[in-house]
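I opened my notebook to look into one structure, entry by entry. Here is what I looked up.

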Amino acid sequence: LSRRHGENGACGEDCGLKSGHRPLLSPPLPPTTDSRGLKVSDAPFVHLHVHSSYSLLEGALKIGRLSDLAKADSQPALALTDTDNMFGALEFSEKMASSGIQPIVGCCLAIDFGDLPRDPRSPVHNRALPRIVLLAANGEGYRRLMQLSSRAYLETPSNEAAHIQAAWLEGETSGILALTGGMSGPLDQAI
């Protein structure tokens, strides 16, 4: 289907559709630019869910190697979102900044929405809790992310895998961006 259909439904070319039809595709949007004057379609790609060797049994890349790879790929920024910890945040921030890459610190945490029945005799690590990726957008978000990560370990019973409660996020998300669409995220599990 051509993208050249006018608002009145008239077609500027012979597309085989009758006059007065409504186009299925909207006309292309005018190109928008970012702060550097690049068209959005030309903007470089940024990985927002990267695991390092601090994600035990999930990531093998050392942070220095992540820096080298991101620099070789001309990435302007990179997010480190290790599973259940922020152990590499300082090293990551220092290495990325020294390479001219904007570090984005985050964490991938299991979240309990409280919608599944709890059996005190059955440990939670036997059930698959959805995971969300939380990214610090600023200093306040970084502090809140550290608090959430710490609470996941300090306030979770010892027979359960570390996780956060959805209620902990209420009123405590200023400066934090949440990504929920991953393979183990709440949206994927709901589908």
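**Entry 1**

Where is the place of D84? I found D84 in the loop between β1 and α2. I kept in mind that this is a predicted model. I looked up the phi of D84 and got a positive value of about 65°, although D84 is not a glycine. I noted the general rule too: most residues other than glycine have a negative phi. Is D84 buried or exposed? D84 is buried, because its relative accessible area is 14% and the cut-off for buried is under 20%.

Next I turned to S74. S74 also is not a glycine, and its phi is positive, about 55°. I located S74 in the loop between α1 and β1. S74 is exposed, with a relative accessible area of 58%.

**Entry 2: helix α2**

Which residues of α2 are buried? I listed A89, F92 and M96. I then looked down the axis of α2. The buried residues fall within an arc of 65°, so they line one face of the helix. The face of α2 turned away from the buried side carries the exposed residues L90, E94 and S98. I also asked what covers the buried residues of α2. The cover includes α1, β1, β2 and α3.

**Entry 3: the cores**

Neighbours within four places in sequence aside, F92 is in contact with I63, L78, A79, L80, P103, I104 and V105. How many residues does the largest nonpolar core have? I read off 26. F92 is among those with the most contacts inside this core, along with L78, L134, L148 and I164. I checked which elements supply at least two residues each: α1 (63-72), β1 (77-80), α2 (89-98), β2 (102-112), β3 (131-136) and α3 (139-154). β2 gives the most to this core, with 4 residues. I also found a second, separate core of 6 residues, which includes A77, A79, C108 and L135.

**Entry 4: the cysteines**

C108 made me look for disulfides. A disulfide is a covalent bond between the sulfur atoms of two cysteines. I counted 0 disulfides. C107 is in none, and the nearest cysteine sulfur, that of C108, is 7.1 Å away. C107 is buried, at 0% relative accessibility. C108 is buried too, at 5%.

**Entry 5: a buried serine**

I moved to S52, in the segment before α1. S52 counts as buried, because its relative accessibility is 0%. What is S52 in contact with, sequence neighbours within four places aside? I wrote down G59, A60, L61, I63, L66, L80 and D82.

**Entry 6: rings**

I searched the whole structure for aromatic pairs and found 0. I then looked for a charge over a ring. The charged end of R151 sits over the ring of W168, 4.1 Å from the ring centre.

Notes
Residues numbered from 1 in each chain as written. Predicted model: local features only at pLDDT ≥ 70, side-chain atom pairs only at ≥ 80, totals over all residues. Heavy atoms only, no water. Core = buried A, V, L, I, M, F, W, Y, C linked by side-chain atoms within 4.5 Å. Buried < 20%, exposed > 50% of the residue type's maximum accessible area, 1.4 Å probe, protein only. Contact = heavy atoms within 4.5 Å. Disulfide = S-S within 2.5 Å. Phe/Tyr/Trp six-rings, centres within 6.5 Å; stacked < 30°, edge-to-face > 60°. Lys NZ or Arg CZ within 6 Å of the ring centre and 35° of its normal. Arc of directions from axis to C-beta.
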